[in-house]
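Hi,

Here is the structure I promised to pass on. Have a look at it first, and my notes on what turned up follow below.

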Amino acid sequence: MASAPQSLPLFYNALEPLSSEQHGNFRIRPSNGAPFLANQHAIPLTVDEFPMAQRNMPIVFSQGDDGVPLALMGLNEGVNVFIDEKGQLREPYTYVPAYIRRYPYLLARLRPEAEELTLCFDPSSETIGAFDDGEPLFADGAPTDVTKNILEFNQQFEEAGARTAAFMNELRELDLLMDGEVTIQPDGADKPFVYSGFRMVNEQKLNELRGDQLRKMTQSGLLPLIYAHLFSLSVMREIFTRQMQLGLMPAPQLVA
């Protein structure tokens, strides 16, 4: 049996390739919540999601040469203002990033040299297993529509990931990213709360771009994505207020 990749992404405790031989009797059932989210404050995001996510969450970029977009669900490590301690959404109409919705599944290369991606799952998840109830993943040795839909969603996620990588490369090539900092002065506080540790688009450099560069960015769809990111930063103050209302007292520290 092929082994799963050794390095595990956020949320995943293990990865196992899904196969009709090993998992022919497996079923999936609805989740009662996502308790693994309760202590996660920064979730990877694809550019396809910027227009939806920016209404609810600040969109920032992680530090480092391989930085990625992140949706902030809290301003401090271990704080998520959208998910309660049972893993339930506090507000039912909050946008849920695709990175969360794809769990416990994942397309992965089983070997570093492999070209194709294999559908894997986290065997520690309580939503997949040899249950008596739930939707079957295989019928007569073939994938059911449920499995096909899971595979399609994960393929779409990978395609969005490739577009996100291209977006990040373009930001770096144009040298538009800078270290971010947000200062929030709540009423009655002696000192402001200063949040840093993330990257954001430098508006001054954006405004100084040549006309031909801006036209190219508009045509490629890059410019609207940048503004979705910039507009979303104002939501950071709303997240700060939610933390205070929930008794999750904010602290000035790194947010990403």
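**What I found**

Strands here are DSSP runs of E with at least two residues, helices are runs of H or I with at least four, and both are numbered from the N terminus. Before going on, note that this is a predicted model, in which local features need pLDDT of at least 70 and side-chain atom pairs count only at pLDDT 80 or more, while totals for chains, interfaces and linings use all residues. Residues are numbered from 1 along each chain as its sequence is written, and side-chain values use heavy atoms, with hydrogens and water left out.

Aspartate 140 counts as exposed because its relative accessible area is 87%; the cut-offs are over 50% for exposed, under 20% for buried and partly exposed in between, with a 1.4 Å probe and protein chains only. Aspartate 175 also has a positive phi, near 55 degrees. You'll find aspartate 175 in the loop between H4 and strand E12 (177-184), and at 44% relative accessible area this aspartate is partly exposed. There is a cis peptide bond too, joining tyrosine 103 and proline 104, with omega about 15 degrees. Proline 104 belongs to the loop between H3 and E6.

**A buried asparagine**

Asparagine 80 lies in the loop between strand E5 (69-72) and helix H3 (98-101). Why does asparagine 80 count as buried? Because its relative accessibility is 2%. Its side chain makes polar contacts, meaning pairs of N or O atoms within 3.5 Å; within protein, one atom must be able to donate a hydrogen and the other to accept it, and residues adjacent in sequence count only if both atoms are side-chain atoms. One reaches the backbone nitrogen of phenylalanine 82 at 2.9 Å, and another puts a polar side-chain atom of asparagine 80 3.3 Å from the backbone nitrogen of isoleucine 83. Leaving out residues up to four places away in sequence, asparagine 80 touches Leu37, Ala38, Gln40, Met73 and Arg90, where contact means heavy atoms within 4.5 Å.

**The sheet**

Three strands form an open sheet in the order E1-E7-E6, with antiparallel pairing; two strands pair if DSSP finds at least two bridges between them. Strand E1 (16-17) and strand E6 (105-108) are the edges, each pairing on one side only. Four bridges link E6 to strand E7 (residues 118-121), and leucine 106 has cysteine 120 in E7 as its bridge partner.

**The cores**

A nonpolar core is a set of buried Ala, Val, Leu, Ile, Met, Phe, Trp, Tyr and Cys residues joined through side-chain atoms within 4.5 Å. The largest has 60 residues, of which Phe50, Phe167, Leu171 and Ile226 touch the most other members. Helix H7 (residues 222-232) gives the most to this core, with six residues. Apart from it lies another core, of eleven residues, including Tyr105 and Phe138. H7 itself is mostly covered, with eight of its eleven residues buried.
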